[in-house]
Each structure stands twice: as structure tokens, then as C-alpha cells.
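I opened the notebook for a friendly look at some helix pairs and a strand. My entries follow the model.

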Amino acid sequence: MRLKLIAAALPLVALAPVAVQSAGQPSRSPEEIYTTRCAYCHEAGGWGTRALAKRVPAGEAELRNRSSLPPAYTIAVVRRGIGAMPQFTPTELTDAELEALANWLDRGNR
Amino acid sequence: MAVLPPGLTQQAFDQAIAEFRAAIGEEWVFTSDADRASYLDPFDMGDQDDHASAAALAPSGVEDCRKILEIANRHKVPLWPISMGKNLAYGTAAPEMRGSVILDLKRMNRVIEVNEELGTAIVEPGVSFFDFKAELERRGSGLWMSGPAHSWGSVIGNALEHGVGYTPYGQHVETICGMEVLLADGSLVRTGLGALEGTKEWQAFRWPFGPGLDGMFTQSNFGIVTKMGLWLMPEPEGMAGVSIRVPAREDFHALIETLRPLRMTDVINAPYTIANGWRQITGGRVRSEVWDQPGAISRERMEELLAERGQGWWSVIFNLFDSPAALDLRLDKIRRAFAEKLPGATIDVQRWEQGQPQESWMRQEVSLAPLGVVDWGGNPGGHSDFGPIVAPLGDRAEEVYSIIEQRFLEYGKDPWIGMFGISSRALIFVADMFFTRTDAEETERCRRLFRQLCDDMADIGVGLYRTHLRFMDDAAAMHRWGDHALPRLNNRIKAALDPNGILAPGKQGIGSWEDGE
């Protein structure tokens, strides 16, 4: 749901530029990347989860419920894409961020 | 095997890459096979390698871009600027010309200004609709973003490519107000009133003293747009979501004639979408579940499937934006118009008022929903679309629709056709081709169908609003009037602004349409 606004409290013009994403910078945690870049499709109800439900064992369609998700596989899929999922470039997440994300997903699924 | 820019030796290219690394930092120059593969088009209608890049560069800002341009001009390295690189169905991040170097502007990702009083913003290329929505919410803004069907793309990129949304601000190119553009020679220009030092009107008015140039930097390769101003809609007091079922194929002419005056008089004050029967039967299933014969799904089978779901041959959806009382008046006019001209139509309405929770029909949430249909025809799926611009006149729309439907059936493709009433006086047809990417026969057949339709449309004076990379030259060449006077003018402008031809060669066929693919 949208945040409700309180008009009187709004700055009319933000003079300082605001970085909305830090694409390519290694400061983002795996949780942050997953939440902002993956969860939309790969949580319950997402189209990625619905597509995977046709291909993987019952109960494993959500990425965070996988019994096995080898990091090397995650890295390959993210960089090359798979099925209807387009790939991600190194400016969307760096190699270091991708490796951390893949390891985090793997650990979470053990 | 290494991919090189046309005309460059490996040695010369290695030298250019070394200079790019020194200019913007080694970590922002991508040359590995894995990194280059991430810029391929996953939905290409053919071999992805036809549009492979030689490398990718990710500048941090305008000064990095200038350094890159200087090196590229000296070494004759072609650059393909992208913003988010999510131009899905039209080429994604891939370059038109194989061997181009991607200029990935994603690191330039600031929302520089949001002006609540004027309802304007200034953004950089790397701001996606996801990012922009989040930033407006973070600021507690009272302004609404107009987003396209999928939110992964860039706010700037979508507007420059003439993308559409579903609010009164849904023709995104018309929300552009002022740009900062870097030309091939490294000079930086601000268009419109941005040319005045100390201006406070850059985003207030599009037309400066002299020609308005914003349009020439959309769908072109004349410069790199490094900042863009745009208009944003204040949150409306209310909305109505209108869904109309129209029963028969033969109702199409009357439907167009009913919608046009409603849109022209702004009773319907946002783009409407018409879907034909084939477009309505896909949701929640794949093609093989409903059709196991060769060729396109027959009209008879499609009509059976429509009947099972209680759908009409045509579906129309649109949202209205106004105060609750004014929405009542708009809805009354719409109901009276349909009662008079299409009494068989069924109209359903949903309502929302400021302060209530938002619902999915309002299309205000970010989304990647269109990706869900990519595998409709087979896995791994791909798609692209044929998008003619058509006057919303019954006879004209029927003429174009009939040609497209017939050609799709002839080529064994389901005529999956939508029409978007993006403005008061234009319909954009979107005739989607879904294919299995690994099926060489099917992708080749789709390419032939696309080019057949280009010929068909050019013969009746209809052009395209956008195309996949593969058909840029075909689409440009359709503009035949005056011995191709307009494409020739584009070529002359290109030659004047970018004599080395380093910026996005092949984009929209500018500089290349005479040669063809």
C-alpha cells in the first residue's frame, strides 16, 4: 500500500540529488538484494514461483524453500537467464554481490 | 571467438579497451564472455549472437561519458547507450550492430529533483520504475508515477522509446519536459528552457525560443540523454476502473467509433486497451493445454475458450481519474454512448477514492506481470510485437486489423492482438508473436511474417511505433514519401552531429536503413 502523505511536512523541492540505488556498489547485503531484486517474482504468488511450481518438487517453488540451491547454479542463472527470466548484468549486481547472494540463498536453504 | 567492432583489428580494439579502463576504472569495463552474455537479448527472434556486444562500459556520470566519447571517436568504436537495458521484446540491452560496445548508464541513477508544486521531476537514465516508485513513496510524494506494463525498465528509456502507461500521463513521451543531452563530440546541451542560466522553468514549458528539440532525441541516435525532466500527475481524488465485454467480431467497427469521441472529448481521460479474442484466452495456462494441432489456434476453438470464460470477442479496459462526482458524470456518458451504439456490450465498473487502499485494477503498483506470458507458446519462450500506429476510425482500424489477423493465421501464428488508445487521435496496435526461442523454423517464420506485415502496412501508408532491433531498417524504410525524404533527413542530421557514426549505429535505421539487414 502507498504511504499516506502529510502535505504540510513535504519538502517542496529536494535540492540535493538522492541516490535511489547503488547499482554496482558492493555495499548491499544479500537480504537487501533479494528483497529489492528477486522477491517480487520468487516469493509466494510471484510469477517466477508459479512457473517453477510446474518444474520442481512440491513445496520447493519458492527459492527460499529449496532443499538444494547450489551457488554455482544461481550465479549461472542470474547471469544467463533461464526460461522467461531475463539475465542480470554486472551493473545490476556485481560479481561479489551475486556470489554473496548465491551463498546466502544456499545457506538459508540448508 | 572474440567479437570485435566492425573494421577494428584485435590490436586496435585492445588499445581502446585499455584506454577505457584508464579513463573510468578497470572494474567498470566488462569484457568477459559471461559479462557480455548478460547484455544479450534473451527474447531475440533468432540467434542472439547476431546482436552480441564486444564489451560493456559503465560510466559513473557525464564526465566519464565524455572521456569514453573522446576515446571512441579516436578509435572509431561504436557505442550502444542503454539505461536499464530492459527493453524486453525490442532488443533488451543488445546493440543493433554486432560488435558495438554497450554504454551502460545504470550507475547514473539519481532522482535529482521532485517538485511537488509543479508536479515535475528530473531523473537520470539508471532510475527504474521500481526505483522511482520507491523514491516517491520515500518522500511521501503526492505525485503519481505513470508506469508501463513491466516496471523493470528505465523511466527515461521508456519515455525515449515512446512507451505507454495507463494514467492520463500514459503517453510517456509527452510527459518529457527538458533534457540534458551529451552529443557525440562531447558537448553538453540542455534543451528547452534549460538553456537559460538560472532557469526555474526548465520543466514547466516544453517550447523555448526557437525549435523544440526534445523529440529529436527520442528513438534516435543523435545524442546520449543524461538527464530528463518529466511531468507527474497529482494523486487524483478518485478512480473508476471500467471493463467492457463486446460480444461479436463484427462489433469492432462500432467499438472504435464509440470509443473515439469519448477519448477525444476526454471523457475517457487515460489510455484504453482493446484485446481481441486470442489475447484473452491465455491467462493461467499454456498453449499446449488448449491446442495440439499444427498452425494457429482456430477462430472456432478460440471462441469456445472465450465462451468457457464468459468473455466477449473484444475486451476493453481503461481507468478514469477524477473526483467521485465527476466520475459519475463520465460513467454516465460512457454508458449512454455504448447503449446507443453497442447495446450488446456489458460494462463493469470498480471505484476507488482517495484514502482507500489501492487495488490491482488501478495499476499503480510496480509489476513484472507481462513476463508471465512469455512461455505461452513454448519453453524457452520469446516474444516480440508488430506495432502499427492507426487512426481510431472504424474503417481504418478494421482495414489494419483484418490484414494483421489474416497474415498471422496464414503464417500459423495466433493473432494475439491488442490496441492501445494512447492518445485522443491514435491507436497503437500491438500484435504479439510468441515463439520457442530454440525453434529455428518458428523464429524464421516470425521474421518473415514481420517483414510481410511491414510491406502490407507501407502499402496502405501505415508506420510502426517501435520495433525489435532486427527490424529497425525495415521500419525506417517504410517511410517512403518524397523518395524517403524523412529518413534521408535523419541521415543528414546524424552525419552532422556524429560524423564518425559512433553513437548507436543502426538505431531506428538512422544511417543504415538504405543498406537493410
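Is the crossing of H6(B) and H9(B) left-handed or right-handed? I found it right-handed, that is, the near helix is turned clockwise from the far one by less than a right angle.

A note on sources: this is a predicted model, where local features need pLDDT of at least 70, side-chain atom pairs count only at pLDDT 80 or more, and totals for chains, interfaces and linings use all residues. Residues are numbered from 1 along each chain, chains are lettered from A and ligands numbered from 1 as written, and side-chain values use heavy atoms, without hydrogens and water.

Next I looked up the geometry: the axes (lines fitted to C-alpha atoms over the stretch in contact, angles from 0 to 180 degrees between N-to-C directions) of H6(B), residues 252-264, and H9(B), residues 324-341, come within 10 Å and cross at roughly 150°. H6(B) is therefore roughly antiparallel to H9(B) (over 145 degrees). Their contact (heavy atoms within 4.5 Å) includes Leu255(B) and Leu259(B) of H6(B) and Ile334(B) and Phe338(B) of H9(B).

Then I turned to strand S16(B), residues 381-386 (a DSSP E run of at least two residues). Six of its six residues are buried (under 20% relative accessible area, 1.4 Å probe, protein chains only). Gly381(B), His383(B) and Asp385(B) point one way, and Gly382(B), Ser384(B) and Phe386(B) the other. Six bridges join S16(B) to S19(B), residues 426-436, and the two run antiparallel. I noted Ala431(B) in S19(B) as the bridge partner of Phe386(B).

Conventions. Helices (H or I, at least four residues) and strands (E, at least two) are DSSP runs, numbered from the N terminus. Angles under 35 degrees count as roughly parallel, over 145 as roughly antiparallel, 65 to 115 as roughly perpendicular and the rest as oblique. Buried means under 20% relative accessible area, exposed over 50%, partly exposed in between (1.4 Å probe, protein chains only). Two strands pair if DSSP finds at least two bridges between them.
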